[in-house]
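Biologist: Before we look at anything in detail, could you take me through how to read the charged pairs and the helix packing in a model like this one?

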Amino acid sequence: MKEVGKIWMNGKLVPFKDAKVHVLTHALHYSTSIFEGIRCYNTPNGSAIFRLPEHVDRFFKSAKLYSMKMQFSKKEISDGIIKTVKASGLKECYIRPLAYYGYGTMGLTPTQNKVDASISCWEWKMGESKAGKFSGAKCKVSSWIKIDSRSQPTQAKAASNYANAALARMEALENGYDEAIMLNWHGKVAEGSAENIFVVKDDIIQTPPLSAGGLEGITRDSVIQIIEENGGFVIERDLERDDLYAADEIFMTGTAAEVKSVTQIDKVKIGNGKMGQVTKALQKSFTDVVMGKDERFLPWLTYI
């Protein structure tokens with residue numbers, strides 16, 4: 001990772017290389033941390049953070065679900081995000097706010113420890129999303145089951161949830177795929193390892209309900225609103241593995257992924273094995289939105 005700018009730690013900007021925590025930090029041992037992934041885009045009108053208030057709201061919702069007493073207000077976190085991006089000098093970047101139970105008492109119970117917060121950003125590179133943006137991603141239905149709300153709060157964007165997702169992602173990569181798709185305890189489609197999933201069949205766009213175990217994705221919500229504003233609709237319903245194999249098109253959404261095409265699941269080709277027209281159109285619509293070219297969605301951009 002290229003070290004650029006500074007990192008915001010508990011209200012202060014510190015040099016990138018000095019942003020350190022103690023080895024006995026509670027979150028390092030027990031995964032007691034929550035985070036967000038946010039994008040800043042280099043638009044024709046300057047750098048703009050996409051849906052900043054919604055990301056900060058979800059950040060605080062996740063903290064509440066983990067009984068975290070935040071030291072900072074939503075405004076202070078939002079201001080910290082803007083300050084961190086400005087300090088980086090980057091026109092376009094990925095932003096990572098993090099809250100975690102810090103160094104103090106060791107043991108399973110975290111609540112005696114202070115909740116620390118940091119905000120980092122780094123140069124954005126397409127990386128793992130590249131396949132889905134152009135040729136279409138190959139996905140594997142994971143042997144790892146998606147955790148559900150009987151185990152821990154799935155609507156918290158928590159580090160512990162992503163240990164489950166990382167196992168699925170690594171399994172997929174080791175087997176020659178680009179991404180994993182996770183089923184829930186009932187065998188229904190939940191989401192990808194770090195993306196929500198949509199199926200197109202006979203021109204009808206469908207996606208699993210949040211009750212299936214997927215995160216309430218902000219890009220997911222953005223895409224649904226874009227589809228509805230363009231005169232379409234999305235049906236939320238439980239999806240079977242069969243629905244994936246029989247789909248005409250499949251695409252995934254996420255802050256990192258944006259809108260990416262899926263052209264193969266397991267050994268089954270989706271549709272004609274190429275990116276579909278619905279997915280192509282949504283990719284363009286989403287790009288227009290984040291670049292400030294669609295006036296209907298300008299309130300989603302926070303220019304800095």
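This is a predicted model: local features need pLDDT of at least 70, side-chain atom pairs count only at pLDDT 80 or more; totals for chains, interfaces and linings use all residues.

Biologist: Are Lys 188 and Glu 240 buried, exposed or partly exposed?

Modeller: Lys 188 is partly exposed, with a relative accessible area of 22%, and Glu 240 also counts as partly exposed, at 33% relative accessibility.

Biologist: How many salt bridges does the count come to, and which residues are linked in a network of them?

Modeller: The count comes to 22 salt bridges, where the rule asks for a side-chain nitrogen of Lys or Arg within 4 Å of a carboxyl oxygen of Asp or Glu. Arg 169, Glu 179, Glu 195 and Lys 260 are joined in a network of such bridges. Another salt bridge is formed by Arg 237 with Asp 243, whose closest N and O atoms are 3.2 Å apart, and Arg 237 is partly exposed, with a relative accessible area of 31%. Lys 17 and Asp 18 also form a salt bridge, with the closest N and O atoms 3.5 Å apart; here Lys 17 is exposed at 55% relative accessible area, whereas Asp 18 is partly exposed at 39%.

Biologist: Turning to helices, what should helix α2 span, given its 14 residues?

Modeller: At 1.5 Å a residue, the 14 residues of α2 (residues 52–65) should span 20 Å, and the end C-alpha atoms of α2 are 20 Å apart, which agrees. After α2 comes Ser 67, whose phi is positive, near 55°.

Biologist: Which residues of α2 are buried?

Modeller: An α-helix has 3.6 residues a turn, so residues three or four places apart point the same way. In α2 the buried residues are Leu 52, His 55, Val 56, Arg 58, Phe 59, Phe 60, Ser 62 and Ala 63.

Biologist: And how do α2 and α3 cross?

Modeller: Two packed helices are described by the angle between their axes and the distance between the axes. The axes of α2 and helix α3 (residues 74–88) come within 10 Å and cross at roughly 125°, and the two helices are therefore oblique to each other. The contact involves Leu 52, Val 56, Asp 57, Phe 59 and Phe 60 of α2, together with Lys 74, Ile 77, Ser 78, Ile 81 and Ile 82 of α3.

Key: Residues are numbered from 1 along each chain as its sequence is written. Side-chain values use heavy atoms; hydrogens and water are left out. Helices (H or I, at least four residues) and strands (E, at least two) are DSSP runs, numbered from the N terminus. The expected span of a helix is 1.5 Å times one less than its number of residues. Buried means under 20% relative accessible area, exposed over 50%, partly exposed in between (1.4 Å probe, protein chains only). Axes are lines fitted to C-alpha atoms, for helices over the stretch in contact, and angles run from 0 to 180 degrees between N-to-C directions. Angles under 35 degrees count as roughly parallel, over 145 as roughly antiparallel, 65 to 115 as roughly perpendicular and the rest as oblique. Contact means heavy atoms within 4.5 Å.
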